[in-house]
Amino acid sequence: MSKILANDGISDSGKVALEEKGFQVITEKVDQENLIETINKEDIKVLLVRSATTARKELIDACPNLKIIGRGGVGMDNIDVEYAKEKGLEVYNTPAASSSSVAELVFAHLFGMVRFLYESNRQMPLEGDENFKSLKKAFSGGSELTGKTLGIIGFGRIGQEVAKRAIGLGMNVLAHDKYTSEANITLNFFNGDKKTFTIESTSLKNVLKGSDFVTLHIPKLEDKAVIGAEEIGLMKDGAGIINTARGGVIDEDALMFSLDKGKLAYAALDVFTNEPNPSIHLMMHNNISLTPHIGAATLEAQDRIGEELAEKIISYFNK
C-alpha cells in the first residue's frame, strides 16, 4: 500500500478516490523542518502540496523513495520542478481546476471596489446606527462595470475565464500576454447557445493606458515587480488594479503611494509580498480590498483539484 502525504490537505472526493484504489492518504500537517524525516520514516511515495509547503532540492535529494510531487493549483514556484524531473520524479499540478474560482474572486473584488463594499462593511458596524445618512452620502458615488474597459495581464486559462465574465457584463477587454497572440473566448449560455469572441493580445503599455481596471494573472519570475511606479504612472487617473496571482507582482509601496496621491482609486489584493505576514500598513489602507489568498479556495475547485490529482496518481501507479 503506497502512502500519500497531502501536507496542505486534499478534498474529501480526492481522498476517497485514492483510498478506494488502496492508497493510504495522510492529511496530518507536518512542519516543513520535519518533512524530510517524516517522508523517509513513513516511506511516503507521493507528496501533495499547495502553497504552504515547499519541495526544494534538499528535500528531493534527501527522499530517494519519493515518486511524485503534486501541486494542488496552478503555480509551482514552491517546487524545484526541473530538478525533480531530472531526478526521475513526476511533478503534477492542476492548472485548469481553479480557473473559474479565481476569475469569480476577481469580480467579487471588482464589484466591491466600485461600490465601496470593503470600506462600507468596515464602517457600518461602527457608525451605521448613528451616522447612517453621512455614510450613505460617503458611499453613494459608486460606478458601474458595464461599459468599462478591463485590462487582463496574463491571458492563460485564468485570464481567459476572467474575460468571459467581463464580456458577459458588457465590458471591453484588453489583454496582454507574452506567449499568446490571440485567444478565442467562448461564452456558453443557459439555453445551450454559444458565442465566440476573438481577443488579440496587445502591448503591456496599451493595456495599462487604456484600461479602467487592470487584473493580473502572471507568475512572479523575477525579483523586480511587474507593476511598479512607472507602470502605475501609465494607468488612467482613478483606475483600479487587482492582484490574485502572486505576491510581489505589484510593488506594494508604489501601490499605496498611488492610492494616497489619488492616482489610483481602487486596489484589491488576494496575495502579498510578505505572505503570510503582509504589511500592516497595507492591511489598514482604506482603499484596498483584501482577501487572504483564497482565489482557488472554493468547494468546487477543491473537489476538482483533489479528483484531478487522484486521477494522475492512480494512472502513474497503474502503468
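What follows is a tour of a predicted model, with something to select at each stop.

**Stop one: Asn 7**

Start by selecting Asn 7, in the loop between strand 1 (3-6) and helix 1. Is Asn 7 buried or exposed? Its relative accessibility is 2%, and buried means under 20%, so Asn 7 counts as buried. Now show its side chain: one of its polar atoms lies 2.8 Å from the backbone nitrogen of Val 30. To see the rest of the surroundings, leave aside the neighbours within four places in sequence; Asn 7 then touches Glu 28, Lys 29, Val 30, Leu 35, Leu 47, Leu 48 and Thr 53.

**Stop two: helix 1 and Glu 19**

Next, select residues 12-20, which make up helix 1, and pick out Glu 19 there. Glu 19 is partly exposed, with a relative accessible area of 37%. Which side chain does the side chain of Glu 19 make a polar contact with? Show Lys 15: the two side chains come to 2.7 Å. In general, an α-helix has 3.6 residues a turn, so residues three or four places apart point the same way. If you like distance labels, draw one from the C-alpha of Glu 19 to that of Ile 4: they are 10.0 Å apart in space and 15 residues apart in sequence.

**Stop three: helix 1 against helix 13**

On the helix 1 side, colour Ser 13, Gly 14, Ala 17 and Leu 18; on the helix 13 side, colour Asp 303, Gly 306, Glu 307, Ala 310, Ile 313 and Ile 314. By class, this contact has 5 nonpolar, 3 polar and 2 charged residues.

**Stop four: helix 5 against helix 8**

Now for another helix pair: select helix 5 (99-114) and helix 8 (residues 157-168). How are helix 5 and helix 8 set relative to each other? They pack at about 50° with their axes 8 Å apart, and are therefore oblique to each other. This crossing is right-handed. From helix 5, show Ser 99, Ser 100, Val 102, Ala 103, Glu 104, Val 106 and Phe 107; they meet Arg 157, Ile 158, Glu 161, Val 162, Arg 165 and Ala 166 of helix 8. The tally for this contact is 7 nonpolar, 2 polar and 4 charged residues.

**Stop five: Phe 116 and helix 6**

Move along to Phe 116, in the loop between helix 5 and helix 6 (117-127). Check its backbone: phi is positive, at about 60°, although Phe 116 is not a glycine. Then go into helix 6 and select Tyr 118, Glu 119, Ser 120 and Gln 123, which are buried. The buried residues of helix 6 pack against helix 5, helix 7 (132-138), strand 12 and strand 13 (288-290).

For the next one, pick Asp 43, in the loop between helix 2 (35-41) and strand 3 (44-49). Asp 43 has a positive phi of about 55°, though not a glycine. Its relative accessible area is 33%, which means it is partly exposed.

Finish at Pro 276, in the loop between strand 12 (264-269) and helix 12 (280-283). What kind of peptide bond joins Glu 275 and Pro 276? Look at the omega angle, about 10°: the bond is cis.

Note on methods. Residues are numbered from 1 along each chain as its sequence is written. This is a predicted model: local features need pLDDT of at least 70, side-chain atom pairs count only at pLDDT 80 or more; totals for chains, interfaces and linings use all residues. Side-chain values use heavy atoms; hydrogens and water are left out. Helices (H or I, at least four residues) and strands (E, at least two) are DSSP runs, numbered from the N terminus. Buried means under 20% relative accessible area, exposed over 50%, partly exposed in between (1.4 Å probe, protein chains only). Axes are lines fitted to C-alpha atoms, for helices over the stretch in contact, and angles run from 0 to 180 degrees between N-to-C directions. Angles under 35 degrees count as roughly parallel, over 145 as roughly antiparallel, 65 to 115 as roughly perpendicular and the rest as oblique. A crossing is left-handed if the near helix is turned anticlockwise from the far one by less than a right angle, and right-handed if clockwise. Contact means heavy atoms within 4.5 Å. Ala, Val, Leu, Ile, Met, Phe, Trp, Tyr, Cys and Pro count as nonpolar, Asp, Glu, Lys and Arg as charged, and the others, Gly among them, as polar. A polar contact is a pair of N or O atoms within 3.5 Å; within protein, one must be able to donate a hydrogen and the other to accept it, and residues adjacent in sequence count only if both atoms are side-chain atoms.
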